[in-house]
Amino acid sequence: MPIDATPARIAELEADNRRLRRLLDQRDAPGELRHRMRSTMAILRTIIRKSAGTQRDLDAYVGHLEDRLDALMRAQAVADELGAIDLHKLLSDELLHYQARDGEHTTIEGPVLQLQPRAGQVLALALHELAVNAVEHGALGNGGTIGVRWRVDGDDAAPTLTLVWKETDTTPLSEPSHRGFGTEVLTRTLEYELRARTDLLFETDGLRCTIRIPLSERIDREFGARSDVK
């Protein structure tokens with residue numbers, strides 16, 4: 001197989017090498033790297049197990065599994081050298097994967113928020129399920145639009161991230177008759193992993209999903225820095 005040696009590919013490999021060097025130069029890099037690897041593998045096992053439990057058709061199972069793994073890889077691709085994942089980049093990349101561009105089909109607004117690696121990966125899966133649902137049943141498949149907005153409420157001691165995903169559809173929306181993998185990720189998985197509370201409302205003009213996540217050092221990369229300020 002020929003090696004891709006284009007300038008763009010070389011620049012990408014050099015950037016990856018710089019990120020790896022910065023990570024390994026840190027005192028606790030080996031422990032941090034092992035922790036991130038264990039965390040990623042745990043999420044992969046969850047995806048495989050739960051995807052298998054909701055699919056009866058082998059081809060459908062393989063297709064959905066590949067899509068979910070791709071979403072996880074996209075989340076890792078936007079991470080910085082320490083693994084922190086920018087929420088805006090996470091959202092825009094996931095929606096762009098489905099040809100939904102910020103400012104055209106979607107509106108993405110909110111303050112800068114750097115998520116810890118595991119929190120970012122878990123949230124990436126939830127946002128992926130929302131995007132897929134919008135393509136198959138909602139706004140992205142029916143010529144509608146999506147607005148995603150978030151804010152941080154509360155004081156520095158106990159802030160809460162509130163993210164609202166609102167679809168404006170061109171066709172009436174009805175509540176699904178069964179709960180699939182996507183609904184489980186949005187409710188039970190987010191609750192277990194991030195102590196989040198999710199409200200799904202099937203409004204007449206489109207889905208509204210509100211996710212509330214209490215921020216802490218294990219969720220928000222900048223939480224510790226904020227709490228140190230006197």
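**View 1. Arg195 sits exposed in a loop of this predicted model.** With a relative accessible area of 55%, Arg195 counts as exposed (exposed is over 50%, buried under 20% and partly exposed in between, with a 1.4 Å probe and protein chains only). Its loop joins α6 (181-194) to β6 (197-203); helices (H or I, at least four residues) and strands (E, at least two) are DSSP runs, numbered from the N terminus. Phi of Arg195 is positive, about 55 degrees, although Arg195 is not a glycine. Most residues other than glycine have a negative phi.

**View 2. Gln99 lies in the loop between α4 (87-97) and β2 (106-109).** Gln99, also not a glycine, has a positive phi near 60 degrees. Its relative accessibility is 55%, so Gln99 counts as exposed.

**View 3. Five strands form an open, mixed sheet.** Follow the order β2-β4-β5-β7-β6; two strands pair if DSSP finds at least two bridges between them. β2 and β6 are at the edges with a single partner strand each, so one side of each has no neighbour in the sheet. Neighbouring strands are turned by 10 degrees against each other on average, direction ignored (axes are lines fitted to C-alpha atoms, for helices over the stretch in contact, and angles run from 0 to 180 degrees between N-to-C directions).

**View 4. β5 (residues 160-168) and β7 (residues 206-214) pair in the antiparallel sense.** Seven bridges link these strands, and Thr162 has Arg212 in β7 as its bridge partner.

**Notes.** Residues are numbered from 1 along each chain as its sequence is written. In this predicted model, local features need pLDDT of at least 70, side-chain atom pairs count only at pLDDT 80 or more, and totals for chains, interfaces and linings use all residues, while side-chain values use heavy atoms, leaving out hydrogens and water.
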